[in-house]
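Please open the model in the viewer and keep the selection panel at hand. The stops below follow one another from helix to surface.

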Amino acid sequence: MTLAAAGGTVRALSERIRDQVHARLEEVADLVARAHGCEAKVSITRGEPVLYNDSGLATRAGAHLTHLGLTLSRPLLSFGADDFSYLSAVLPGLMMFVGVGDGTDVRMHSADFLPGDDAVRDVALAMLAGYLAAAEKM
């Protein structure tokens, strides 16, 4: 018997879309297998839930960030996966990205990553804005 295997990661911006993609993967696998006189066995392990930012927290934190002198970028849609999404599925949450680039190709999680003092200050201010927004929500 000849076997074929495929693997990968599916990420989506909503649980509804993720469910649709999973269903479509099963359908395509079944159709391809039947076209070749085979059977398909699909095994999907659901990873972290989709991360949703609380819109109220985002609005309040944005106001604090602006007041603190930081420039807001347009909202970022990310397919990143993070266990923080488990928390934000239960409690209002807000994940923010703070630019700390210095023009080099050194990336976060690299042993050579060492952001400058201004970037560390910006991260601290962003965290403060998030804390203030959460305190106002309570």
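Buried here means under 20% relative accessible area, exposed over 50%, and partly exposed in between, with a 1.4 Å probe and protein chains only. Helices (H or I, at least four residues) and strands (E, at least two) are DSSP runs, numbered from the N terminus. This is a predicted model: local features need pLDDT of at least 70, side-chain atom pairs count only at pLDDT 80 or more, and totals for chains, interfaces and linings use all residues. Residues are numbered from 1 along each chain as its sequence is written, and side-chain values use heavy atoms, with hydrogens and water left out.

**Helix H2**

Select 55–67, which is helix H2. The 13 residues of H2 reach 18 Å from first to last C-alpha, close to the 18 Å expected at 1.5 Å a residue; the expected span is 1.5 Å times one less than the number of residues. Within H2, color Gly56, Leu57, Ala61, Gly62, His64 and Leu65, which are buried. Next, show helix H4 (117–137), which is included in what covers the buried residues of H2; contact means heavy atoms within 4.5 Å.

Just after H2, select Gly69, which takes a positive phi of about 90°.

Which end of H2 does Asp54 cap? Asp54 caps the N-terminal end, with a side-chain oxygen 3.2 Å from the backbone nitrogen of Gly56. A salt bridge is a side-chain nitrogen of Lys or Arg within 4 Å of a carboxyl oxygen of Asp or Glu. Lys137 counts as partly exposed because its relative accessible area is 39%.

**Helix H1**

Move to helix H1 (15–35) and select Arg18 and Glu15, whose salt bridge has its closest N and O atoms 3.3 Å apart. Because they are 3 residues apart in helix H1, Arg18 and Glu15 are separated by about one helical turn. Arg18 is buried at 7% relative accessibility, whereas Glu15 is partly exposed at 24%.

Also in helix H1 is His22. Is His22 buried or exposed? With 10% relative accessibility, His22 counts as buried. Not counting residues up to four places away in sequence, His22 touches Val10, Ile44 and Arg46.

Key
A polar contact is a pair of N or O atoms within 3.5 Å; within protein, one must be able to donate a hydrogen and the other to accept it, and residues adjacent in sequence count only if both atoms are side-chain atoms.
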